[in-house]
Amino acid sequence: MDRSSAGSSGQYTRPDNYYNRQDGHPISPSRCVQYRHGPVRQRDNPLRATPGRNEFYHSSAARPSKYLLCRSINNARDFNGLIKQEIMDGLVSKSDRFGHRYDGRDHGLYASSIKKYTSASKRPLNRTEQSQLMRLMQNFTATPSWNWLSLTTTLHSLTSAGVFTSHQPMDERVKQTQAAILSTLLEAIIFKCNQKPHVMDIDAQGVANLLWAMAKLVDNGQERTPEFKKAVAVLLPHINAQKDQSNAQGIANLLWAMAKLVDNGPQRMPGFNETVAALLPHVSAQKANFTPQGIANLLWAMAKLVDNGQKRTPEFNEALAALLPHVSAAKANFKPQGIANLLWAMSKLMDNGQERTPGLKEAVATLLPYVNAKKNQFIPQHIANLLWAMAKLVDKGLEQTPGLNKGVAALLPFVNAQKANFKPQEIANLLCAMAKLVDNGLERTPLLKETVSALLPLVNTAKANFNPQEIANLLWATAKLVDNGLVRTPQLNEAVAALLPQVSAAKADFKPQESANLLWAMTKLLDNGEYRTPGLKEAVASLLPHVNAQKDNFTPQGIANLLWTMAKLVDNGQERTSVFNEAVAALLPHVNAAKANFKPQGIANLLWAMAKLMENGEWTSELNEVVAALLRHVNTQKANFKPQEIANLLWATAKLGEFVELNLVTSVFESLVNRISENPQLSQKDILMSLWGVLVCCARLSLDSNYNNWLEKHMDDLFTRPEITFLHNEEDQRIIAQAASWLGRACPVVPHYQTTRSKRQSDFRDQLQSCFPSLQIEEEKSLNSLPPVDLLLPDHNMVIEIQGPSHYVGGDFNTRNGSTLLKIALLQKAGFEVIEIPVNRLCNQDLMKPYINQIKTRTGFPPQEHGSVSLKRRWADAAYVTADNGRQPSDHGYLTAEEHSEDQTGKPAKRKKTNSQ
């Protein structure tokens with residue numbers, strides 16, 4: 001999430017008069033060499049065009065360059081002294097006069113003078129200064145005859161001064177001059193590094209300065225041309241060869257540069273990992289010699305390397321352990337940038353799996369008070385990085401200490417004050433930080449709400465400048481904030497509306513995690529009341545094909561989030577298109593493959609998603625296998641589930657009904673319900689989900705004639721929780737009504753049920769009535785605040801349920817789901833005989849006839865008075881699945897001729913037990 005630029009103090013420490021030989025001859029003359037399009041030869045005063053003039057001049061007419069350079073250096077604050085034409089004329093003249101014997105010393109001095117000017121000004125060249133300088137430097141050319149010191153000084157100084165920085169808008173001539181100067185420098189460096197035997201003047205400090213400069217170039221937007229990549233590649237072996245000669249600052253600069261290069265590059269080049277590995281032992285060896293800035297740069301670099309795939313080898317861990325104590329020792333000497341980079345580094349290391357060791361926790365605790373102490377000195381980038389870092393540290397389990405909370409509170413006012421100065425990435429990081437802090441329990445104070453309100457309009461303003469990662473992070477942050485109770489203000493809605501078109505535009509550029517986060521975010525926005533706008537629908541549709549394409553690259557958490565998202569989308573009315581179904585089908589095999597790597601939250605979310613997909617008609621053999629695989633891990637992880645996850649598990653296990661073997665259901669509930677009951681702080685949603693799950697488990701035990709008093713105690717506890725107050729949601733009211741009915745309590749609500757009459761139900765009623773004209777039949781009758789029954793025969797205490805596919809897991813007409821089981825058990829508990837007829841057995845009158853005959857036989861007895869003991873229908877084998885076994889066949893206990901004979905004898909049928917019970 002961060003591209004912060006850790007500072008580096010890699011200045012060339014050799015004095016400028018290192019060059020100064022009074023005879024003007026180079027220190028290390030070299031032979032004539034092939035370069036670019038031909039050999040470099042001494043030129044005899046060629047005519048050169050003077051920029052901006054319509055005349056020519058002789059380069060020999062220039063004043064002595066050494067005098068002019070010294071004058072410009074002595075007056076470092078005078079930029080006009082650097083852009084005198086006679087200076088460049090002198091450099092060209094010197095290069096022409098000595099030809100292949102010229103070592104580049106005066107060019108190096110001139111580059112140093114530019115750097116001295118910017119150092120004195122405490123800023124790089126601005127756009128105007130750079131443009132003036134580039135017009136002058138059109139004939140500034142490096143050649144292979146230059147010595148190592150001239151090459152390294154020139155590239156390092158020009159880069160440090162901002163000569164190659166891209167300003168927007170960029171004049172094309174300036175851009176061409178920059179490219180030409182850089183190209184000649186890189187080619188000369190490549191030539192020097194490739195000489196056999198290696199040139200003797202290549203030194204460790206020069207290598208470090210060159211790599212630092214090249215990393216800085218890339219960080220400032222320089223294109224990684226083939227020439228640039230080749231220059232980096234030829235430097236790597238020299239780092240390895242010179243590592244023992246590198247001092248502490250050189251080691252710090254090298255690792256910083258390598259971190260920058262890999263952070264800005266699509267892939268690592270050969271030899272990169274070996275070079276990093278060669279440098280790490282020197283961190284431990286030099287640990288006592290690093291300056292505070294060196295410590296900050298090293299930890300920043302190590303965090304960046306790990307964030308870009310560097311393995312945490314023993315050498316890496318040793319280097320980290322060696323540096324952490326020095327953070328505490330040097331705490332008073334870190335500059336504001338160092339504090340920001342260090343806390344960012346700690347958070348990134350933890351984000352990539354670093355353990356919360358005592359050394360790391362101590363280093364963080366040491367730095368936090370300085371956030372408050374130096375709050376007035378942080379620039380916008382530091383503020384964004386610090387808040388992101390503190391949010392990430394909390395998100396990774398670091399305790400929200402008073403020091404951390406004070407640090408956050410100290411920075412928030414500066415977000416509002418500096419809002420006009422934040423770059424797009426910093427806007428994204430800040431909103432992510434706010435979302436993470438709130439998600440981890442930070443109080444939504446007026447100051448925090450004000451900060452969020454100040455940032456949201458900036459999203460709309462900068463919408464065209466966010467990269468794919470930032471788009472994903474911003475939508476994730478807005479969804480998290482809404483999910484944690486932030487009011488959906490017009491500014492928030494505008495921010496979301498501004499981002500959604502960017503999702504479709506950048507759809508091909510999102511990484512797997514970003515695709516998962518985006519779909520999760522859009523689902524959360526839908527779930528929290530965001531209208532299904534055309535923009536949102538289009539964004540979701542544009543991402544779904546990428547789920548299939550990226551299926552092999554999702555992490556276990558990404559898989560869990562995506563399937564949760566798919567289930568939520570369907571639950572919110574998403575059309576199950578072929579692309580949607582393909583995405584679900586593509587993910588399911590990966591659940592089984594990654595089953596051992598899911599965290600407790602992932603297991604809970606996945607089982608919830610499976611139950612939701614099943615509830616909405618999705619069921620495949622792969623989904624069957626996924627549920628079976630996940631259930632194995634519920635008991636093994638039972639001690640690690642949080643209350644919300646337990647509520648999801650109880651609900652999902654109950655919803656899956658007879659698909660889950662009763663023994664496994666009771667095992668899950670026995671291990672988890674106690675923890676729900678003992679938890680005093682549960683949301684109303686979690687209580688109601690748990691209550692419904694307990695209700696279904698009691699129903700299953702009741703239908704199996706098992707004792708369930710232990711579970712009813714938990715039901716009673718959940719029913720009487722004070723958190724259950726205002727129940728505006730109809731589904732919540734129904735849960736309370738069903739629990740009241742089961743417990744024999746007065747119902748505190750009047751639930752509303754929708755009634756529907758299917759054609760099959762009406763056809764069967766008409767057929768039944770025509771056979772028995774005097775039989776009283778009521779339709780869609782609600783009994784004791786329970787869901788309405790399809791057909792009620794009030795004179796016989798009999799209920800007939802015409803069961804469509806929605807009453808069965810996956811619509812298989814075989815395995816009843818939790819809702820169906822609960823309704824049947826509640827009706828039986830209220831004293832009604834229940835007859836279930838699957839709708840697929842009522843296709844025509846011939847199929848209806850056996851059921852009508854059986855009902856005729858049953859109603860042949862004198863009508864029973866309401867409240868008397870009713871005849872219980874026989875429950876035959878039901879279909880279950882265990883953690884180890886697949887489904888078992890079932891006839892599901894539909895009405896048969898055998899039932900008729902048993903009823904005639906007055907002997908209630910005994911329930912057949914499956915082998916698994």
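# Strands, a crossover and a helix pair

Trainee: Which residue in strand 8 is the bridge partner of valine 799?

Mentor: Quick background: this is a predicted model, where local features need pLDDT of at least 70 and side-chain atom pairs pLDDT 80 or more, while totals for chains, interfaces and linings use all residues. Residues are numbered from 1 along each chain as its sequence is written, and side-chain values use heavy atoms, leaving out hydrogens and water. Helices (H or I, at least four residues) and strands (E, at least two) are DSSP runs, numbered from the N terminus. Look in strand 8 for the partner of valine 799, and you land on valine 834.

Trainee: How many bridges join strand 7 to strand 8?

Mentor: Two strands pair if DSSP finds at least two bridges between them. Strand 7 (residues 798-803) and strand 8 run parallel, and the number of bridges joining them is 6.

Trainee: Through which helix does the chain cross from strand 7 to strand 8?

Mentor: This β-α-β crossover is right-handed: with the strands pointing away from the viewer, the path from the first strand over the helix to the second runs clockwise. The helix on that path covers residues 818-829, and it's helix 33.

Trainee: Why is one side of strand 5 and of strand 8 left without a neighbour in the sheet?

Mentor: The open sheet has 4 strands in the order 5-6-7-8, with mixed pairing. Strand 5 (778-781) and strand 8 each have a single partner strand, so one side of each has no neighbour: they stand at the edges.

Trainee: How many residues of strand 8 are buried?

Mentor: Buried means under 20% relative accessible area (1.4 Å probe, protein chains only). Glu833, Ile835 and Ile837 point one way, Val834, Glu836 and Pro838 the other way, and all are buried. For strand 8 (residues 833-838), that makes 6 of 6.

Trainee: Which residue in strand 7 stands opposite leucine 791?

Mentor: Strand 6 (residues 789-793) pairs with strand 7 in the antiparallel sense, over 3 bridges. Opposite leucine 791, you'll find isoleucine 800.

Trainee: At what angle do helix 26 and helix 28 pack?

Mentor: Leu631, Val634 and Asn635 in helix 26 meet residues of helix 28 including Leu664 and Val668, contact being heavy atoms within 4.5 Å. Axes are lines fitted to C-alpha atoms, for helices over the stretch in contact, and angles run from 0 to 180 degrees between N-to-C directions. With axes 10 Å apart, helix 26 (residues 621-636) and helix 28 (residues 662-678) pack at about 35 degrees.

Terms used:
Buried < 20%, exposed > 50% of the residue type's maximum accessible area, 1.4 Å probe, protein only.
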